[in-house]
Amino acid sequence: MTASFIARQEGLDARFEAIEQTEREIAAAFARRAAQVDEARRFSEATASSEVVPGGRWSPGMVAEREFVSELAVRLRFPQRTTENLIEASRALAEELPGTRAALAAGLISYRHAQILIEQAGSVPDAAKAGFEAALLRTAGHLTVAKLKYKARLLRERVHPETILARHTICAADRKVLIEADADGMASLLLYDTAEKVNAAYHRVSVTAQSLQRPGLQGPTESRTLSQLRADVLTDLLLDGVTPSGVGKGIRATVNVTVPVLTLLGQTEEPGHLEGCGPIDPDTARKLAGGATGFTRLLTHPETGVVLSVGRDHSRSR
């Protein structure tokens, strides 16, 4: 290696270390803010007036809480809902997840990592929360936020007091479509529905879009990217019921789902696993398996879920 190459690497290393140090300081600042917000909340509750306002609809405690949220929102220039989330997250870090706050203060994880732990630990039983937190913190500092969320969801399923079927039934009732305005005359259309339906819809849009990239020999060359084609296919279907090349008849989505054998046989209620999404309730897993045209045997580790072997033969369903 030349002297200039070594000098460049040393210079980059020094700069990367400085960036890492700044990131640790940012994480520590988030931890400090969380501690300050929670201390302020507790002070507000302890010093709140107990006098009942004549004719008032709210209790003195509720009045003090709303005043605290509103004042903090004004000071931080945060929306009301964002401020409420910050207060609740700060409380959770102080009372339920002290290990997470300590890791954040030490710069071992980012605030986004801490938010994932807070979100996923919210419904974990108190008796299991400490173990849940410790298990995730062992590797949280080495994982991206997305991978930590995926790992946390899998672990949460093992310790959650309610079955995934019960939770899925409640959440399915909240399915909805939302619109979010964006800059430059753009907007986003958001669909919140069951994982298997959203995945199937996305894959069908993708397959249709891919088919437009492979026109006939006499057809024009497609200049749009796959992302642009997905957007055009979806809007064409929603607005006109057709795509540029027709209704897309015959195109079917492929949904990959892993179902434990005992769940498939109805002997256990262990969740299935939808590729790209994670755990799904056993009823949905059995329904998807029942409509499959065939099966490929996968041997997975019972605890980690890692695929140990893949069967060479593809069994056709009858």
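Is Lys 129 buried or exposed? In this predicted model, Lys 129 counts as buried, at 6% relative accessibility. Lys 129 forms a salt bridge with Glu 96, and their closest N and O atoms are 3.4 Å apart. The pair links distant parts of the chain. Glu 96 sits in the loop between helix 3 and helix 4, while Lys 129 belongs to helix 6, and 33 residues separate the two. Glu 96 is partly exposed, with a relative accessible area of 28%.

Salt bridges also occur within helices. In helix 3, the side chains of Glu 95 and Arg 91 meet at 2.9 Å, N to O. The two residues are 4 apart, about one helical turn. Arg 91 is buried at 16% relative accessibility. Glu 95 is partly exposed at 48%. In helix 1, Arg 41 and Glu 45 are likewise 4 residues apart. Their salt bridge spans 3.0 Å, N to O. Arg 41 is buried at 11%, whereas Glu 45 is exposed at 53%.

These pairs belong to a network of salt bridges, whose members include Arg 41, Glu 45, Arg 91, Glu 95, Glu 96 and Lys 129. Asp 38, Arg 42, Glu 88 and Asp 126 are also linked in this network. The count for the model comes to 14 salt bridges.

Glu 196, in helix 9, is buried yet has no salt bridge. Its nearest side chain of opposite charge, Lys 197, is 5.7 Å away. The Glu 196 side chain instead makes a polar contact with that of Thr 194, at 3.1 Å. On the surface, Glu 10, Asp 13, Glu 17 and Glu 20 gather in a patch of negative charge. Glu 10 lies in helix 1 and is exposed at 52% relative accessibility.

Note on methods
Residues numbered from 1 in each chain as written. Predicted model: local features only at pLDDT ≥ 70, side-chain atom pairs only at ≥ 80, totals over all residues. Heavy atoms only, no water. Patch = residues over 30% accessible without salt bridge, like charges linked within 9 Å, V, L, I, M, F, W, Y side chains within 5 Å. Areas by Shrake-Rupley, 256 points an atom, 1.4 Å probe, with all protein chains shown as cover. Salt bridge = Lys/Arg side-chain N within 4 Å of Asp/Glu carboxyl O. Lys, Arg positive; Asp, Glu negative; His and termini not counted. Charge placed at Lys NZ, Arg CZ, Asp CG, Glu CD. Buried < 20%, exposed > 50% of the residue type's maximum accessible area, 1.4 Å probe, protein only. Polar contact = N/O pair within 3.5 Å; in protein donor to acceptor, adjacent residues only side chain to side chain.
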